[in-house]
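Please keep the sequence and the structure in view while reading.

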Amino acid sequence: MKKSKIITGILILVTILIFISACNSNNKSIEDNGKIKIVATLFPQYDFAKEIVKDKGEVILLLPPGVEAHSFEPTPQDIGSIRNANVFLYTGRYMEPWAEKIIKNIGDGDIIAVDLSKGINLIDEEHEEYNTHDHKDDYNNHHDHGGKDPHIWLDPIYAQKMVDDIVEAVVKANKDNEEFYRENGESYKKKLEELDKKFVETFEKTEHKTIIYGGHFAFGYFTRRYGLDHISPYNGFTPNAEPSPKRIAELMENMKTLGINTIYYEELIDPKVAKVISEETGAEMLLLHGAHNVSKEEIERGISYLDIMEENLEKLKQGLVYNE
């Protein structure tokens, strides 16, 4: 009887130890097939990570297709996905203010969390270089990103830095495939370099240098990189904020003065302001995609960050009047 109890006790102890070991591993180990698990908050880093790990990784985009990024809040299921990942990629506290709290709750050492804005001098939303035609007194809207612009991925040079940071993170998580990850990262950066050259060459030959945007302008780093101006009726990135009629009227007057007949609009949000401006001025509406997230249709057709930026290039050629 006593021996039976001892055996039973040992079995229970072994079972508990196995259970604790399984919980502590939390699916963190690299799979037998060498695949690394990565969770990314936004589409650009999701796409960059896929290009780096290819078939040796599983990359999850936290944003559901079609969801506007600025209003996103993670669900318990999303937090579980982050907890079970080897690497967590986010843009920084100005884009995902909830990310650092989740990382803290998970605990140091349990996940490689990468703030992809680290080391980049972020633009102030009200910086004179950010908004060439700044009329901030016309607004009562708060800033959705704490006064900083987090849209670093729209600058192809900063995108290369993001790729470097992702490579270092996945190498740290899985040294066995280091050479594979580094080669893929370098190969992808060359494509980003080519993209940058295309933009440089294009804007040397456009008649106009000002982007008229009927939405929340995310291209501050982009316009600064290529020496462009922009005008938007919005201040900041709050999805529910509305521009004043005065600002819309000023934008239309600027279009007339500059001789610009194109109004750009943003993805995944009803472009009602751009529609009003288009109806009033006869300007053509064109999508200038900020690449925060993509629609279900775009996911299904396998669109990439490079596809989005190439399409933006063609739309900018059209709207800014490109002369070969």
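## Basis of the report

The model is predicted: local features need pLDDT of at least 70, side-chain atom pairs count only at pLDDT 80 or more, and totals for chains, interfaces and linings use all residues. Residues are numbered from 1 along each chain as its sequence is written, and side-chain values use heavy atoms, with hydrogens and water left out.

## The chain as a whole

The chain contains eleven helices and eight strands. Helices (H or I, at least four residues) and strands (E, at least two) are DSSP runs, numbered from the N terminus. Of its 324 residues, 49% count as buried. Buried means under 20% relative accessible area, exposed means over 50%, and partly exposed lies in between (1.4 Å probe, protein chains only).

Among contacts with a separation of 6 or more, 69% are between residues 24 or more positions apart.

## A parallel sheet of four strands

Four strands form an open sheet with parallel pairing, in the order β2-β1-β3-β4. From one strand to the next, the twist averages 20°. Two strands count as paired if DSSP finds at least two bridges between them. As a general rule, strands of a sheet pair through backbone hydrogen bonds, either parallel or antiparallel.

The pairing of β1 (residues 36–40) with β2 is parallel and extends over five bridges. Ile36 has Gly57 of β2 as its bridge partner, and Val39 stands opposite Ile60 in β2. The covered face of β2 consists of Gly57, Val59 and Leu61, whereas Glu58 and Ile60 form the uncovered face. In a regular strand, the side chains alternate between the two faces of the sheet.

Helix α4 (residues 99–106) lies across β3 (87–90) and β4, and runs at about 160° to β3. For such angles, axes are lines fitted to C-alpha atoms, for helices over the stretch in contact, and the angles run from 0 to 180 degrees between N-to-C directions.

## Helix α2 and the residue after it

How many residues of α2 are buried? Nine of the eleven are, so α2 is largely enclosed by the rest of the structure. The buried residues are Phe43, Pro44, Gln45, Tyr46, Asp47, Phe48, Ala49, Ile52 and Val53. Their cover includes β1, β2, β3, α5 (156–173), α6 (178–203) and α11 (305–319).

Lys54 follows α2 and lies in the loop between α2 (43–53) and β2. Its phi is near 50°, a positive value in a residue other than glycine. Lys54 counts as partly exposed, at 42% relative accessibility.

In α9 (residues 272–281), Val273, Ala274, Ile277 and Ser278 are buried. They cover an arc of only 135° around the axis, which puts them on the same side of α9; the arc is that of the directions from the helix axis to the C-beta atoms. An α-helix has 3.6 residues a turn, so residues three or four places apart point the same way. Glu279 and Glu280, on the other side of α9, are exposed.

The cover over the buried residues of α9 includes α8 (245–258), β7 (262–265) and β8 (284–287). After α9 comes Gly282, with a positive phi near 80°.

## Two further residues

Leu268 is in the loop between β7 and α9. Its phi is near 65°, a positive value in a residue other than glycine, and Leu268 is partly exposed at 33% relative accessibility.

Asn254 belongs to helix α8 and is partly exposed, with a relative accessible area of 23%. Asn254 and Ile231 are 23 residues apart in sequence and 8.5 Å apart in space, C-alpha to C-alpha.

## Cavities

A search of the whole structure finds four cavities of 30 Å³ or more. A cavity is a set of points on a 1 Å grid over the protein atoms alone where a 1.4 Å probe fits but cannot get out; lining residues have an atom within 4 Å of a point. Grid points are joined across faces, edges and corners, and a volume is the space filled by probe spheres set on the points.

The largest cavity holds about 80 Å³ of space. It is lined by 14 residues, of which Glu68, His70, Glu266, Glu267 and His292 are the closest to its centre.

Definitions and conventions
Contact = heavy atoms within 4.5 Å. 1 Å grid on protein atoms, 1.4 Å probe; cavity = no way out; pocket = protein on both sides within 12 Å on 5 of 7 lines; lining within 4 Å.
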